[in-house]
Amino acid sequence: MINMYSKFGLIDYARYLFDNLSVRNDASWNTMMSGLVRVGLYGDVMFLFREMLSFGVRPSGFLVSSLITACDRSGCMFSEGIQVHGFVVKVGLLWDVFVGTCLLHFYGAYKRVFYEQRLFEEMPERNVVSWTSLMFGYLDNGDLDNVIYLYKQMRKEEISCNENTFATVITACSLLEDELLGLNVLGHVVKSGFENKVSVSNSLISMFGSLGSLKEACYVFSCMDEHDTISWNSIISAHAQNGICGESMRFFHLMRHVHKKINYTTLATLLSVCCSLDTLKWGRGIHGVIVRLGLDSNVCICNSLLGMYSEAGRLDDAELVFQEMPETDLISWNSMMTCYVRDGRSLDALKVLIKMLQMKKAINYVTFTSALATCSNSEFINEGKIVHALVILTGMHENLVVGNASITMYAKSGMMAEAKMVFEMVSKRNEVTWNALIGGLAENEEPDEAVKAFQLMRKEGIKTNYITVSSVLGACLTPDDLLKHGMPIHAHIVSTGFESNKYVQNSLITMYAKCGDLQSSKYIFDGLPYKDSVSWNAIIAANAHHGLEEEVLKLIVKMRSAGIDLDQFGFSEGLAAAAKLAVLEEGQQLHCLAVKLGFDSDPFVTNAAMDMYGKCGEMDDVLRILPLPFNRSRLSWNVLISTFARHGYFQEAREAFNEMLESGLKPDHVTFVSLLSACNHGGLVDEGLTYYTRMSKEFNIPPRKKHCVCIIDLLGRSGRLVEVETFINEMPVPPDDLVWRSLLASCKTHGNLELGKKAAEHLVELDSSDDSAYVLYSNICATTGRWGEVEDVRRRMESYNIKKKPACSWVKLKNQVGLFGMGDQRHPQTNEIYAKLGELKKMIKEAGYVPDTSYALQDTDEEQKEHSLWNHSERLALAFGLLNTPDGSTIRVFKNLRVCGDCHSFYKFVSGIISRKIILRDPYRFHHFTGGQCSCSGYW
């Protein structure tokens, strides 16, 4: 009766009968204790055991086994279990193999493998269950080598395995990815006649799935006489692991109709593979199934939903799931923090950590790993230091994963001294620790140190992996690095067999390109037996690094022809190439394809598209795709400010900067380059100097060369050349060619021959083959009428075989590009173009145009100077555009050098007479001509 009531969960009735028994024997105590264990009243089991001892009853092995099981299942009775172990030894029950095996289970459940192993060695008698218990303890603790060792010992001692033994060993083979060993165990399974056991078959399906042998996994599944829930979950997981989401869904459909039972593991497995843009629709469908089954209140399932939406980049959906969860656990909070980290919302991730601390939620190593990851850039390094201090205060710094994350955080923030310090403090380093250090040294451009660390890692016997090799290759940046480090490492890669690893192959492509050997990059790429999207991205980026934008676009076409879809990296590189070439049509096609494939919400693609439209003169399209203020990353703000600056919208650039600050985002050095450029192009000298001061004093951003060049250009354009000279002498970085070239250009504008000569001498000293030094100084001499010195400069150029970079302008039409040089006569429409120029000349002269012949830098009469101006490439390009575009449409002209002042005046007059908008882009900025006016207001 006691047993019956306890089996039905009516433990109060069972206890009532037990308490009213006049005589209790061993069976009575055993049955009551088993009943309490069955219903989970583990604390009551201990009280009943003490009561039994007070009656002088000697416990049996069966009863003590129930007692140990209670301590095992409770999860919080470790100290009580230790006391029971002491009692077992005291009363001599350790000889009972069932009691010993229960104790093994107990220590395994609490992950005390050391105690479990010692107990196993002390047991006078062991059976197959004892061996399997210790084996499972090793497996649960991740000690796979010892699982295999025990299995081999069992075979050596001729102990027969049971189905649980085989299931455990097969799982270890799966995790070790040891196919040969797995097949040997399979032979033993078949020989022992266990191949039809459900648990063994389930483990085999999982093993074949993890090894990518789906055909074998499906064969095992189809040969099973019966399938339990784990069988279905295993075959679904096997396909999910190999990225075959469609088959996973098909088996899920069959499972629902044939087996009719699903559990948390089923749904979690499916959700794990529904996190891409293509498969998210299925994930949403499963979410619907979860709601219909009423499982949306299950914490574990909700955590899986959080993971799916996070990996799919659907932060809003993840937030909604989190907010509607009736109950959250540590995994929920950690998942939400990870969502924010992945989305680049560092402040929100840190807010989650703060809330967890305020609510006194449990925190583990995963929490701190995510918090450190979100601080892994210089902008949040102060917050990162606080998180690191919390790590130390909580004693979590001894955790290897947290230690590795701390190294990465400091390294990514450029603080390699601190990263090395943390590295030295890590007592037990693994390959991830070394990879974090080597990767940090590579990112911070310390190739010698990175290679030293790589050599030391090998010397200490730490096994290198593809990440190690890829990281150390990334440290090589120059031709010298290639000879000194890159080629020897490549030789090591070949000798160790890493050459076949696709990640290493792609790293080699990148390394050779960065070190200046694009030919070797192409050779490696062409030799790849299978080229995936990462391989294509690597060779595309290699060509982009060498400035071969046309080749980038050609490679994208080839990539699509090969049946490989572009990802966000491919789109970003393609759009960047279109931006540099200013080919709007190709850029629009890429952007349309990105939208079609669902990449329109990707921040990298959006920013690249904004930059492309901005550099192609389409300011309206930039604003059309601009993310809403609360969704804008710092990069989005930088692109917006830069585009405003390039197009002459200086007030809008300043307003965007202020909005950025109000949104809580901190500017970086790129922001200030764009902002100073806006002030430079707008002649806003005082504002520019104020921003330069604020940059270092208010935002702690040290000035770089680009900032200094902006200030030199800003002061120089306004004629404050004495201040420029002082600034150059006092600036925190050594002057380079950009500095002297900027000063030289300002000297030309203001006719300062003496200072211009100094700047030209510095330029020649840095690079004697720099044509700009000779050309700009020659122009200054010509502007001031020093024609003798002009001839001297030209003779020097001839003697050194230095040629001036020829000016050219072009107009892109749908099917052709009209490209023109100075006085070009090669175009098929040459006669029509010059005739059109004649018409324009007549019209604008009637409108009041007077040529400024000071821009014709030749020692000739005025008539010849004027004739020279009418041969300028930008005029020929405009005439071509007028002949070949519909009336009323916008004409876009591009020039490789700065537009000359007289051509600028010519464009203004033409735009007013023909009533058409003309956009002219030179290397420095855009000029929007409308109704006789230019967006630059005459200052450029």
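Modeller: Two strands are said to pair when DSSP finds at least two bridges between them. The model discussed here is predicted.

Biologist: What makes β4 and β5 a pair of strands?

Modeller: Strand β4 (residues 918-921) and β5 are linked by 4 bridges in the antiparallel sense. The cut-off is at least two bridges, so β4 and β5 count as paired. One of the contacts is that of L920, whose bridge partner in β5 is H927.

Biologist: What joins β4 to β5?

Modeller: A hairpin does, through 4 residues.

Biologist: How do you know that β5 and β6 pair?

Modeller: β5 and strand β6 (residues 933-934) share 2 bridges, again in the antiparallel sense. At least two are required, therefore β5 and β6 also qualify. F929 stands opposite C934 in β6. The two strands form a hairpin with 2 residues between them, and G931 in the turn has a positive phi of about 55°.

Biologist: Why is strand β5 called mostly covered?

Modeller: Buried means under 20% relative accessible area. In β5 (residues 926-930), 4 of the 5 residues are buried, so the strand is described as mostly covered.

Biologist: Turning to V432, why is this residue called partly exposed?

Modeller: V432 has a relative accessible area of 42%. Buried requires under 20% and exposed requires over 50%; the value for V432 lies in between, and therefore V432 is partly exposed.

Biologist: Where does V432 lie, and what separates its C-alpha atom from that of T464?

Modeller: V432 belongs to helix α27 (residues 431-443). Its C-alpha atom is 9.4 Å from that of T464, a residue 32 residues apart from V432 along the chain.

How values were computed: Residues are numbered from 1 along each chain as its sequence is written. This is a predicted model: local features need pLDDT of at least 70, side-chain atom pairs count only at pLDDT 80 or more; totals for chains, interfaces and linings use all residues. Side-chain values use heavy atoms; hydrogens and water are left out. Buried means under 20% relative accessible area, exposed over 50%, partly exposed in between (1.4 Å probe, protein chains only).
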